[in-house]
Amino acid sequence: MPTIKSSVAGHASATGEAHTHEMSFLRKYIFSTDHKIIGIQFLIMSLVFLLAGGVLAMVIRWQLGFPGQAMPGGGVLPDTMAPDGIVLPEFYNALVTMHGTFMVFFAIMPLLVGVFGNYLIPLKIGAPDMAFPRINMASFWIAVPAGIMMIAGFVVEGGHAAAGWTSYAPLSERADLSGVSMGQILWCISLIILGLSSILGSFNYITTVINLRAPGMHWFRLPLSIWALFVTAILVLLAMPILSGAIIMLLFDQTIGTHFFGPAQGGQPLLWQHLFWFFGHPEVYILILPAMGFASDIIANGSRKPVFGYASMVFAILAIAVLGWGVWGHHMFMSGMNPTLGTSFMISTMLIAVPSAIKVFNWLGTIWLGSVRFHTPMLHAVAFVSMFIIGGLSGIFMASTPVDIYIHDTYFIVAHLHYVLFGGSLFAIFAAITYWYPKMFGRMMNPFWAKAHFVLTFVAYNFVFFPMHQLGLQGHMRRIFDPNEYEFLQHLQGLNTFISISAFVLFAAQFIFAINFIASWFVGEKAPDNPWDDNGLEWTVPSPPPHGNFATIPRVYRGPYEYSSPLVQEDFLPQNRELPPQPAGSAAHT
Amino acid sequence: MAHATPTLEENMMDPPRGYEEGAGVYNEKLGMWVFLGSEIMFFTALIGSYIILRVAHPEAWKPPGEVLNVPLTAINTFLLICSSVTMVKAFAAIQDGNLAGLKRWLIATVIIGAGFVGVQVFEYIHLVNDGFVPSEGLYGSTFYTMTGFHGFHVTVGVICLMYVTWRAFQGKYSAADHRGVEVVGLYWHFVDLVWIILFTIVYLI
Amino acid sequence: MNWLLPPGASTFATEIDWLYYVILWVTGIAFVVTEVALVWFLIRYRARPGVRATHYHGNVKAEVIWTSVTAAAVLVLGLMSAGGWDRIKGRNSVPGDAIPIIVHAKQFEWQITYPGPDLQLGTADDFTVRNQLHVPVDRAVNATLTAEDAIHSFFVPAWRIKQDAVPGMRIQVWFQPTQTGQFEIACAELCGLGHYRMKGAVTVHSQEEFDRWNVNRGQLALGQ
């Protein structure tokens with residue numbers, strides 16, 4: 001029986017379950033080095049920010065749907081934001097900025113990477129914990145002050161950052177242009193700190209996946225969720241420092257008078273854009289790759305079938321990650337950069353559609369010839385695929401540079417990004433949460449209410465975001481407080497109001513999920529070890545798993561998708577289940 | 001049950017035992033290499049921006065030596081390189097189990113490293129007194145940002161070296177386990193390498 | 001859901017709108033095929049008692065085919081787009097006889113400088129107007145975009161033109177209106193508090209009307 005070196009899991013797992021660990025509540029649940037607890041800590045923090053980001057969206061939609069009218073409950077807001085509950089233009093700019101910032105950095109990214117990277121990686125590769133459990137703890141506790149700082153920006157003088165989540169210079173660095181000073185500084189410092197948290201997390205994940213796979217867990221036996229999280233961690237490692245560098249330069253321009261992005265002394269506004277998007281494009285693949293990984297695991301399970309073309313799925317993840325570094329200029333087609341660069345970025349952007357398309361076809365191929373169980377995670381995972389198809393296809397319009405001339409900075413882009421980030425990432429997050437909730441909390445979520453949440457969300461979501469394509473095609477720009485200023489947009493007010501009402505319904509539907517999530521934690525049906533009949537290693541241990549995860553390090557004999565194998569009677573075959581030696585020529589797989 | 005107390009025969013300088021073959025090095029070493037990847041990207045952002053800005057506006061830079069004290073910094077560079085040598089000697093010492101040698105060479109590295117930072121601070125004070133500040137055009141902006149963040153990384157390195165030295169004095173390192181020494185050494189060499197690049201493009205060109 | 005574009009009124013609109021509809025058809029077909037397949041598979045292969053899924057790992061030939069088709073389709077769309085991009089934004093695409101104007105974007109207005117009757121910028125008969133763009137129909141106009149403070153973006157939806165105006169840069173954007181009438185300029189890059197109301201009025205005149213307006217304003221500029 002292989003021993004585990006103490007370098008692996010710090011002192012915490014040194015004794016495991018043979019002793020009762022006399023750890024204080026503080027050490028066990030607050031300053032824990034257990035990857036499972038840290039994952040749940042990120043989950044709570046991220047869900048709070050998801051809610052906050054949603055609230056900000058509701059205020060935005062109120063203003064767009066009912067412009068100039070007093071918002072119900074808006075009286076609680078100070079006069080600097082919404083006197084008598086009527087949203088001010090300057091507050092509106094801060095709202096759109098912070099909605100994007102909260103959602104990208106404090107909700108979606110930590111939900112995908114901080115929560116499931118942490119929770120799943122050691123369990124699914126057969127390790128007792130991450131390679132560096134204390135650094136893992138530090139990663140979470142560094143993210144917390146970053147979050148607090150980002151919220152604090154709302155209450156400082158001048159209001160919060162209001163230059164968009166993309167924070168283009170010179171607007172973002174000149175208080176005389178934006179009216180914002182402290183808020184933008186807090187935005188910068190918060191993201192620098194969050195970047196450190198992310199980088200600490202990423203090198204932990206990478207080291208763990210490389211060095212701590214259980215015996216027999218070859219690279220091509222890893223679940224696609226782990227492949228995706230591993231590759232994503234590499235992207236985080238390499239992309240976040242670029243953002244940190246850029247933000248440091250922005251911060252210095254604002255505070256100590258440097259001239260990186262201000263043209264007065266030779267600085268270049270476009271330099272900010274290049275730096276930001278060089279980070280920003282890998283960032284959006286960070287926001288989708290883990291989602292794709294979860295979808296693969298869950299769709300295979302729901303279809304009771306191996307993933308179609310597993311190796312291609314791996315290569316597609318790698319291709320997306322590599323090609324993703326070469327497309328950043330497609331965010332800058334209208335920026336004034338050399339048009340020849342525009343052409344080359346267009347070609348690279350068109351090409352990156354290919355690996356994503358491969359994944360979509362392979363998900364379809366997985367369901368084909370399957371025996372589909374419609375559990376809630378499967379519903380969300382299938383919704384992910386269908387919404388990602390729309391988001392991906394809409395991207396082709398903007399990849400075409402001439403068409404982008406028209407739709408850049410319009411609601412067509414807003415539609416696209418929400419189809420991939422909400423329709424894509426968030427549905428995959430709902431799939432992952434409903435799927436791994438039993439493992440995390442030892443309880444099942446209520447299936448009826450989970451499905452009700454799914455149906456309401458799916459319908460309302462499409463009513464909100466599909467019409468935004470039309471808004472964009474009519475020329476409706478982004479980030480504008482009152483489209484009625486323009487005659488050519490006035491006829492779209494009805495559509496905007498319809499979208500807003502749908503958005504209120506969408507938001508309300510999330511309370512079903514929130515209540516189900518919280519209530520099930522206390523009174524949900526007790527979860528078995530393997531409620532979904534899944535092959536992964538995490539389902540071979542109790543729900544929730546003990547400290548140290550595995551009583552003995554598992555031995556892996558096959559890949560994770562051997563559903564409906566002819567070798568056994570059950571329609572699933574765990575990775576660590578040893579079978580008697582097969583006769584030559586039988587259907588044995590790697 | 002997974003037990004983590006290492007046996008006497010286990011060499012902590014080997015890759016973790018009992019797992020599928022990974023990178024072939026122990027976790028902390030792999031982790032530091034991976035982390036350094038992020039540092040490379042960070043300095044790439046700063047240095048890349050510097051290159052872009054300078055190529056577009058070469059007239060914003062003064063000729064080498066006109067503002068910056070090249071001779072002093074050249075000596076400082078040499079010192080930093082020496083500190084990498086002392087670091088290598090520290091590592092070599094403990095590889096052979098020579099704890100006394102480790103302590104000596106670590107102290108030397110700390111002193112030289114701290115000295116490097118001290119000289120940098122001295123240089124900054126002089127430059128500021130002469131009116132060369134971060135807001136002094138593109139030249140000042142890029143100079144202070146690049147060297148300042150490098151200096152920050154050196155300072156963090158010195159602090160980590162001091163911690164490792166303290167642990168050495170506590171007898172925590174041996175031939176069988178000197179991971180902390182190797183890992184801090186890797187970081188230190190990286191910081192030195194970045195400086196060589198910075199010195200060349202900031203002071204000599 | 002209306003997938004139709006609003007009427008275009010420039011030479012660019014014809015080219016861009018055509019590309020848009022081509023992409024709409026291609027992506028529309030891809031959409032229908034994949035979504036119908038998805039729904040069909042979910043129904044056809046739903047779990048039924050006694051029926052086991054087929055233990056199938058994939059088909060390399062199928063993958064090669066659909067990957068190649070996808071790659072070919074996007075490459076073709078890319079190449080089709082490249083020509084249009086060059087004609088619209090290419091540095092050498094500006095017609096030699098285009099009327100030069102300067103569009104200076106600042107918080108929160110468009111200051112447009114006209115060359116006057118001599119159609120040369122930098123002469124005494126130049127004049128500047130705020131938030132009003134006057135151009136003749138069927139003539140090329142080449143605008144040099146500048147920005148005073150933040151980044152703005154010069155967007156005339158009816159003409160399908162958009163170009164960021166960046167402080168410290170002089171960026172060309174040219175266009176040729178094909179219809180007379182009234183249109184609007186919108187700012188398409190968040191530029192501060194008044195971004196949402198940074199609009200301008202566009203008047204496309206007949207050539208005679210434009211000449212009259214131009215001479216009139218030019219004389220005012222010369223103090224006559």
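**Notebook: chains A, B and C**

**Entry 1. Which chains meet**

I started with the chain contacts. Two pairs of chains are in contact, and chains A and C share the most contacts. I note here that this is a predicted model. I then looked up chain B against chain C. These two chains do not touch. Their nearest C-alpha atoms are 12 Å apart.

**Entry 2. The A–C contact**

I counted residues on both sides. Chain C gives 74 residues to the contact and chain A gives 83 residues. Next I asked which elements of chain C supply its side. Helix H1 (11-44), helix H2 (60-89), strand S7 (161-165) and strand S9 (181-187) of chain C each supply at least two residues. H2(C) has the largest share, with 15 residues. I also sorted the chain C side by residue type. I found 40 nonpolar, 19 polar and 15 charged residues on the side that touches chain A.

**Entry 3. Domains of chain C**

I looked up how chain C is divided. Domain 1 covers 11-48 + 57-89, and domain 2 covers 99-222. Their C-alpha centres lie 38 Å apart. How many residues of each domain are in contact with the other? I found four from domain 1 and six from domain 2 of chain C. The domain 1 side of this contact holds three nonpolar residues, one polar and no charged.

**Entry 4. The sheet in chain C**

I traced an open sheet of five strands in chain C. The strand order is S3-S2-S1-S5-S8, with mixed pairing. Strand S3 (127-130) and strand S8 (171-175) of chain C are the edge strands, and each pairs on one side only. Neighbouring strands are turned by 25° against each other on average, direction ignored.

I then checked two pairings within the sheet. Strand S1 (residues 99-106) and strand S2 (residues 109-114) of chain C are antiparallel and pair over five bridges. C:Lys106 stands opposite C:Glu109, which sits in S2(C). Strand S5 (residues 141-147) of chain C also runs antiparallel to S8(C), and five bridges join them. Here I picked out C:Asn142, whose bridge partner in S8(C) is C:Trp174.

S8(C) is an edge strand. Is S8(C) enclosed or open to the outside? Four of its five residues are buried, so S8(C) is largely enclosed by the rest of the structure. For the record, buried means that 20 or more other C-beta atoms lie within 10 Å of the residue's own.

**Entry 5. The largest nonpolar core**

I looked up the largest nonpolar core and found 318 residues in it. Which residues touch the most other members? They are A:Ala246, A:Ala295, A:Phe384 and A:Ala431. The core also reaches into chain C, drawing at least three residues from each of domain 1 and domain 2 of that chain.

I followed up A:Ala295. Leaving out residues up to four places away in sequence, A:Ala295 touches A:Trp363, A:Ala381, A:Phe384, A:Val385, A:Ala428 and A:Ala431.

**Entry 6. Chain B**

Last, I looked at chain B. I counted five helices and zero strands. From the N terminus on, the elements run α-α-α-α-α. The C-alpha trace of chain B spans about 65 × 35 × 20 Å along its principal axes. Chain B has 205 residues, and 39% of them count as buried. I also checked sequence separation. Of the contacts in chain B with a separation of 6 or more, 76% come from residues 24 or more positions apart.

Terms used: Residues numbered from 1 in each chain as written. Chains lettered and ligands numbered in written order. Predicted model: local features only at pLDDT ≥ 70, side-chain atom pairs only at ≥ 80, totals over all residues. Pairing = 2+ DSSP bridges. Axes fitted to C-alpha atoms, helices over the stretch in contact; angles between N-to-C directions. Core = buried A, V, L, I, M, F, W, Y, C linked by C-beta atoms within 7 Å. Buried ≥ 20, exposed ≤ 12 C-beta atoms within 10 Å, placed from the backbone. Domains from an automatic or database assignment. Contact = placed C-beta atoms within 7 Å. Nonpolar A, V, L, I, M, F, W, Y, C, P; charged D, E, K, R; others polar.
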